[in-house]
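Subject: Structure handover

Hello,

Here is the structure I promised to pass on. Please open it first, then read my notes below with the view beside you.

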Amino acid sequence: MQAAWLLGALVVPQLLGFSHGARGADREWEGVWGGAQEEEREREALMLKHLQEALGLPAGRGDENPEGTPEGEETWGTQEDGQGEEEEETTTTPSSGPSPSPTPEDTVTYILGRLAGLDAGLHQLHVRLHALDTRVVELNRGLRQLREAASDTRDAVQALQEAQSRAEREHGRLEGCLKGLRLGHKCFLLSRDFEAQAAAQARCVARGGSLAQPADRQQMEALSRYLRTALAPYNWPVWLGVHDRRSEGLYLFENGQRVSFFAWHRAPRPEPGAGPSPAPHPLSPNQPNGGTLENCVAQASDDGSWWDHDCERRLYYVCEYPF
């Protein structure tokens, strides 16, 4: 809308000046100005032509010269040849076209009409833009509400997951102490699922415990009796929470404490009176013997001895739970 009024403020004064100049030129032509006023009319005609081309108006004026010769040039030459003869009044014969050429007043009226139409169009665009802005504000408000609802839902889901984890840990602890072996402030429960050592530790933690970490020889002997009774008459290796992954030969519990005692398996001793064995027993070598390839410890269910194994081997495992 402001652009339309600015265009009108720039164009209308020039057109009004052109109209006044055109009427003044007709009067002055009858007087003494002659060719100077004619040059002024030509300049104004050129300005009007450019304006009509810019606004898309129909070209043509009543005083245009189709031959490209400025009007009045022949009359001016006649006055010079006549050596002071009186001016001859020339009468313009109206064109025989179907409609008369538009006057400057008609051109101004047409331009003002076009500007009014542009103003009305800009007003409609402004109204539609305002409606769109209102709709965008409503959509942004709705989107913000959806985001807040989604955030609340995520918080609720997270709270439910945390509650489920707490409930699962509490359930695992109660199950371990009810179904397993209670020993002081600990409960041991055997799991007959085959898992790698790290996966077994993760499952024990999810249930509220950890892989078994016998703190002394008394707990170790009690755990051995529990495993022998649960898995008899078979001999199964069972993962403990003991490893030397951090440094070879430095055995730690899963809680980071250093192991203070060991129950490594030893090869059977020769019978009394027999000579010394030249080589270790192939099926029952002294433990640990795996070096950097075997860094996790499992307990045999028959005699409770410790064996080092590859941590990726899938074995039974025993969890401990606080009581």
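Start at the hairpin of S1 and S2. It has 2 residues between the strands, and Gly 184 takes a positive phi near 65° there. Keep in mind that this is a predicted model.

**The strands around the hairpin**

Strand S1 covers residues 181–183. S1 and S2 run antiparallel, and 3 bridges join them.

Look for Ser 191, whose bridge partner in S8 is Tyr 317.

Is S2 mostly covered or mostly open? It is mostly covered, as 7 of its 10 residues are buried.

**The nonpolar core**

Next, colour the nonpolar residues. The largest nonpolar core holds 33 residues. Leu 223, Val 242 and Trp 306 have the most contacts inside it.

As background, nonpolar side chains in soluble globular proteins tend to be buried together.

**Salt bridges**

The count comes to 8 salt bridges. Three of them are worth a look.

First, Lys 186 and Glu 320. Their closest N and O atoms are 3.3 Å apart. Lys 186 sits in strand S2 and Glu 320 in strand S8, so this pair links distant parts of the chain, 134 residues apart. Are these two residues buried or exposed? Lys 186 has 17% relative accessibility, so it counts as buried because the cut-off is under 20%. Glu 320 is buried too, with a relative accessible area of 9%.

Second, Arg 173 and Glu 170. This salt bridge has its closest N and O atoms 2.6 Å apart. Both residues lie in helix H4 (residues 104–179). They are 3 residues apart, so about one helical turn separates them. Arg 173 is partly exposed at 22% relative accessibility. Glu 170 is also partly exposed, at 35%.

Third, Glu 175 and Arg 207. Their side chains meet in a salt bridge at 2.1 Å, N to O. Glu 175 lies in helix H4, while Arg 207 is in the loop between H5 and strand S3 (210–211), so the pair ties together parts that are 32 residues apart in sequence. Arg 207 is partly exposed, with a relative accessible area of 22%. There is a network here as well: salt bridges link Glu 175, Lys 179 and Arg 207.

**A patch on the surface**

Which residues make the nonpolar surface patch of about 330 Å²? They are Phe 194, Tyr 234 and Trp 236. Tyr 234 lies in the loop between H6 and S4. Tyr 234 is exposed, with a relative accessible area of 57%.

Best wishes

Notes:
Residues numbered from 1 in each chain as written. Predicted model: local features only at pLDDT ≥ 70, side-chain atom pairs only at ≥ 80, totals over all residues. Heavy atoms only, no water. Core = buried A, V, L, I, M, F, W, Y, C linked by side-chain atoms within 4.5 Å. Buried < 20%, exposed > 50% of the residue type's maximum accessible area, 1.4 Å probe, protein only. Salt bridge = Lys/Arg side-chain N within 4 Å of Asp/Glu carboxyl O. Helix = DSSP H or I, 4+ residues; strand = E, 2+ residues; numbered from the N terminus. Pairing = 2+ DSSP bridges. Patch = residues over 30% accessible without salt bridge, like charges linked within 9 Å, V, L, I, M, F, W, Y side chains within 5 Å. Areas by Shrake-Rupley, 256 points an atom, 1.4 Å probe, with all protein chains shown as cover.
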